[in-house]
Amino acid sequence: MTEKSIVILISGRGSNMEALLRAKLPCRIAAVISNKADAQGLETARAHGIDTAVVSHRDHADRAAFDDALAQVIDHYQPDVVVLAGFMRILTDGFVNRYMGRMINIHPSLLPAYTGVDTHERALRDGVKIHGCTVHFVTPALDGGPVIIQAAVPVLSDDTPQTLSARVLHEEHRIFPQAVRWLCRDQARLDANGRVCIDRIEQLGSTLISPGLD
Ligand code: GRF
């Protein structure tokens, strides 16, 4: 199998991107692209010797024009997989369809619960006892694409959005490299029915009961 290449899109801190850079993935990281010139993650990528590019949404009249410009930069690198790692722009259907089955996103909730923003605040407000994160294929439905892998964490009675977010982020950094690894090894794909297939011997995850039993 020839080595696959990926392009990572970010908008800010880039800690998930960094988790991918550190994971020694079986692929080439061709470029990191941001819609914000001051995204902290761009510095990190440069320090790792990875090509970076900025496509600012502010330089384009509308979403379609921005997405066209972004697609041009992505396609220059001819990636097999496009990885959204904290990329905070809503993408047009045209853009999503162009990369269907080869574009994934990490989201800080157990989808389909809490699509959109402020997921930790909303989980705390609802009093749920289990929260988490999801890696999914990107489809036109916002945060609605087929799930590849999820991690659950307990919600503690004294959690703040910050403490809960830190607990979730720790798991994001574990499941995201796993999902990218599966894609790069052709072990995970979207089938014709829009369902995720993962070729490997199924491993049982662990049960989380929260709060724990006495
Ligand atoms: C993460 O929580 C990710 O799930 C969400 O945006 C945040 C990005 O953080 N989509 P980072 O830039 O990867 O540190």
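Where is proline 211 found? I looked this up in the predicted model and located proline 211 in the segment after β9, a strand that covers residues 196-198.

**Entry 1: cis peptide bonds**

The peptide bond from serine 210 to proline 211 is cis, with omega near -5°. I then turned to proline 112, which is found in the loop between β5 and α5. The peptide bond from leucine 111 to proline 112 is cis, with omega near 15°.

**Entry 2: the ligand and its shell**

Which residues surround the ligand? I listed Arg13, Gly14, Ser15, Asn16, Gly86, Ile106, His107, Pro108 and Glu172. Sorted by class, this shell has two nonpolar, five polar and two charged residues.

I next looked up individual distances to oxygen atoms of the ligand. For arginine 13, an N or O atom of the side chain is 2.5 Å from an oxygen atom of the ligand. Glycine 14 takes part through its backbone, where an N or O atom lies 2.8 Å from a ligand oxygen. Serine 15 places a polar side-chain atom 2.5 Å from an oxygen atom of the ligand. Taken alone, the ligand exposes 370 Å², and the protein buries 86% of that area.

I also noted that the space taken by the ligand is the largest pocket. The elements that give two or more residues to the shell around the ligand are helix α1 (15-22) and strand β5 (103-107).

**Entry 3: histidine 120**

Is histidine 120 buried or exposed? I found histidine 120 in helix α5, which spans residues 119-126. Its relative accessibility is 11%, so histidine 120 counts as buried, the cut-off being under 20%. The side chain of histidine 120 makes a polar contact of 2.9 Å with the side chain of histidine 131.

**Entry 4: two aspartates with positive phi**

I looked up the backbone angle of aspartate 143. Its phi is near 55°, a positive value in a residue other than glycine. Aspartate 143 is found in the loop between β6 (130-137) and β7 (147-154). Aspartate 143 is buried because its relative accessible area is 12%.

What is the phi of aspartate 186? I recorded a positive phi of about 60° for aspartate 186, although this residue is not a glycine. Aspartate 186 lies in the loop between α6 (161-184) and β8 (188-190). With a relative accessible area of 37%, aspartate 186 is partly exposed, because this class lies between the limits of 20% and 50%.

How values were computed. Residues are numbered from 1 along each chain as its sequence is written. This is a predicted model: local features need pLDDT of at least 70, side-chain atom pairs count only at pLDDT 80 or more; totals for chains, interfaces and linings use all residues. Side-chain values use heavy atoms; hydrogens and water are left out. A residue is near a molecule or strand if one of its heavy atoms lies within 4 Å of it. A polar contact is a pair of N or O atoms within 3.5 Å; within protein, one must be able to donate a hydrogen and the other to accept it, and residues adjacent in sequence count only if both atoms are side-chain atoms. Accessible areas come from the Shrake-Rupley method with a 1.4 Å probe; for residues, only the protein chains shown count as cover. On a 1 Å grid over the protein atoms alone, a cavity is a set of points where a 1.4 Å probe fits but cannot get out, and a pocket is an open set with protein on both sides within 12 Å along at least five of seven lines; lining residues have an atom within 4 Å of a point. A molecule sits in a cavity or pocket if more than half of its atoms lie within 2 Å of its grid points. Helices (H or I, at least four residues) and strands (E, at least two) are DSSP runs, numbered from the N terminus. Ala, Val, Leu, Ile, Met, Phe, Trp, Tyr, Cys and Pro count as nonpolar, Asp, Glu, Lys and Arg as charged, and the others, Gly among them, as polar. Buried means under 20% relative accessible area, exposed over 50%, partly exposed in between (1.4 Å probe, protein chains only).
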